[in-house]
Amino acid sequence: MASKAYIGFGIAIQDSIDLMNHFDTLNSQPPPPEIEVLKRASLVMALAALETYFEDRIMEAVDAICGKRGMGEDKLINFYKSALEMDLKSFHSPNVERVKHLFKKYLDIDITEGWVWNNCTPKDAKEELNRLVKKRGDIAHRSLRPTPGQPVSHAVKKDDMRKHLYFIKEMVKATDTYLELHL
C-alpha cells in the first residue's frame, strides 16, 4: 500500500512532467532559446517534489511509530517529533548524506540500502542523486542559462530530463517499498 507521502509525490511530480510537456509543445526546429528554462525549471520542480516526499515520508513514519509503539509519555513523543521538525527546517537539499542521516537518526534505517531497481544499485542511485542535487543547485542559484553568442550546451538536455524524472520516480517507489518492509 502506498504511503500518503508517495501519493502526494505523484501529484507534485506532475508539475515537472507538465513543464516537460510544455517544452515539447513549444519545441520546434530550431527551438527558441527561451524555452530552455522549462527544462531547468522541470529539474528544480522534480527535486523539490523529491525533497517534499522525503520530508513527508519520514513524518508519516514517525507518526506511525509513535502511535504503533505506544512510546508512553506524551513528552517523549513531543520531543521526538519536535526534534524532527527542527531538523526538517534545515533539510533543504536532498543529497545522499542528508537523506541517509535523517532516516538513520529518526528511524534507525539506512534508507539508501533500499535504493535498488532494475539495473540500479544503491551505489549508482547515491551517485546519481548527488549529481542531480548539485545540478539543481547550480541551476537554482546560478541559472546556467546559455549566454547568447556562446556555444555552451544546455544545463538540462531533453532526453536527460526524461531520465532524471524516471530516476526520481523510481527512487521514491524504492524508498516507499523499503520503508513498508522495515517499519
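Biologist: Which residue forms a salt bridge with D176?
Modeller: In this predicted model, local features need pLDDT of at least 70, side-chain atom pairs count only at pLDDT 80 or more, and totals for chains, interfaces and linings use all residues. Residues are numbered from 1 along each chain as its sequence is written, and side-chain values use heavy atoms, with hydrogens and water left out. A salt bridge requires a side-chain nitrogen of Lys or Arg within 4 Å of a carboxyl oxygen of Asp or Glu. With the closest N and O atoms 2.9 Å apart, the partner of D176 is R57.

Biologist: How many residues apart are D176 and R57?
Modeller: Helices are DSSP runs (H or I, at least four residues), numbered from the N terminus. D176 lies in helix α6 and R57 in helix α2, so that the pair links distant parts of the chain; the separation is 119 residues.

Biologist: Are D176 and R57 buried or exposed?
Modeller: Buried means under 20% relative accessible area, exposed over 50%, and partly exposed in between (1.4 Å probe, protein chains only). Both D176 and R57 are buried.

Biologist: How far from E55 is the nearest side chain of opposite charge?
Modeller: E55 lies in helix α2 (residues 36-68). For charge, Lys and Arg count as positive and Asp and Glu as negative, while His and the chain ends are not counted. E55 is buried yet has no salt bridge; the nearest side chain of opposite charge, R98, is at 10.0 Å.

Biologist: Is helix α3 roughly parallel or antiparallel to helix α4?
Modeller: Axes are lines fitted to C-alpha atoms over the stretch in contact (heavy atoms within 4.5 Å), with angles from 0 to 180 degrees between N-to-C directions. The axes of α3 (residues 74-89) and α4 (residues 96-107) come within 11 Å and cross at roughly 175°. Since angles over 145 degrees count as roughly antiparallel, α3 is, relative to α4, roughly antiparallel.

Biologist: Which residue meets R162 in a salt bridge?
Modeller: R162 is partly exposed, with a relative accessible area of 30%. Its side chain is joined, at 2.1 Å from N to O, to that of D24.

Biologist: How many residues separate R162 and D24?
Modeller: R162 sits in helix α6 (residues 158-182) and D24 in helix α1 (residues 4-26). The two are separated by 138 residues.

Terms used. Parallel < 35°, antiparallel > 145°, perpendicular 65-115°, else oblique.
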